[in-house]
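Let's take a walk through a protein model together, one region after another. Have a look at the picture first, and then follow along.

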Amino acid sequence: MKQHYKTINNTALTNTLTKAILINSAKDLGNIGPDFTYGYGNINADKCLKTISENRIISGNLTSGQTNSHTVTLPLNAKNLKITVVWNDLAASINTNISLVNDLDLAVISADNTTFLPWILNPDAPQQLATRGKDKLNNVEQVTVENPAAGSYTITVNGAYISNASQDYSIA
């Protein structure tokens, strides 16, 4: 992945972009969405390289309260749409009950204004299926849309809370 990315972009692949590509390209296993048994699924090296080759990646930066929008266009007959955002979070303070320092919120909005929120898991009930909602615990968020309509989709990343000046993020 690193060599392929550097060959195409003449720059190094960042850790957040690597993680976003790996998670987004994974084959989902078990229940739909992430789960406590399989996580986001099995890594698919071929899809990782294809993601890089087709430049299906976005990098951004935002401040607290800021929302960035990115547009992607889906072709006809797309089977699904999967969007993953990843950021490197700061270390939380010692003895705090909050582990996520910088909170980014992902949403995907279709051309007909349908909003799709990321999958979330309940750590207090690991047997429960993933549901959709705002994730306040993790520095990885993923939205999937099965049998999406062709057309433009808007990816929004909101800096719900950024404790430092700004936060970098990567999307695959």
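**Strands, helix, cores and pockets**

Strands β3 and β10 run antiparallel and are joined by 2 bridges. Here, strands are DSSP runs of E with at least two residues, helices are DSSP runs of H or I with at least four, and both are numbered from the N terminus. Two strands pair if DSSP finds at least two bridges between them. In this pairing, V86 stands opposite S170 in β10.

Before going on, a word on the model: it is predicted, so local features need pLDDT of at least 70 and side-chain atom pairs count only at pLDDT 80 or more, while totals for chains, interfaces and linings use all residues. Residues are numbered from 1 along each chain as its sequence is written, and side-chain values use heavy atoms, with hydrogens and water left out.

Now stay with β10. This strand also runs antiparallel to β1, with 5 bridges joining them, and N61 stands opposite D168 in β10. Is β10 mostly covered or uncovered? It is mostly covered, as 4 of its 5 residues are buried. Buried means under 20% relative accessible area, exposed means over 50%, and partly exposed lies in between (1.4 Å probe, protein chains only).

Next, find the open sheet of 4 strands, with the order β2-β9-β4-β5 and antiparallel pairing. Its edge strands, β2 and β5 (115-116), each pair on one side only. Inside the sheet, β4 and β9 pair over 7 bridges in the antiparallel sense, and I109 has T154 in β9 as its bridge partner. Strands of a sheet pair through backbone hydrogen bonds, either parallel or antiparallel. T156 also has its place in β9. Why does T156 count as buried? Because its relative accessibility is 15%. Leaving out residues up to four places away in sequence, T156 touches T67, N68, S69, D105, L106, A107 and I109; contact means heavy atoms within 4.5 Å.

Helix α2 comes next. Since 8 of its 11 residues are buried, α2 is largely enclosed by the rest of the structure. Among the buried residues of α2 are L17, A20 and I23. Their cover includes α1 (2-9), α3, β1, β3, β8 and β10.

In soluble globular proteins, nonpolar side chains tend to be buried together. A nonpolar core is a set of buried Ala, Val, Leu, Ile, Met, Phe, Trp, Tyr and Cys residues joined through side-chain atoms within 4.5 Å. The largest one here has 21 residues, and V157, Y169 and I171 have the most contacts inside it. The elements giving two or more residues to this core are β1 (58-62), β3, β4 (103-109), β8, β9 (151-161) and β10 (167-171). A second, separate core of 12 residues includes L17, A20, I23 and V86.

Finally, look for open space. A pocket is an open set of points on a 1 Å grid over the protein atoms alone, where a 1.4 Å probe fits, with protein on both sides within 12 Å along at least five of seven lines; lining residues have an atom within 4 Å of a point. The largest pocket has a volume of about 970 Å³, a volume being the space filled by probe spheres set on the points, which are joined across faces, edges and corners. Its lining has 35 residues, with N24, R56, N80, L81 and K82 nearest the centre. The second largest pocket holds about 210 Å³ of space, and its lining includes P34, F36 and W119.
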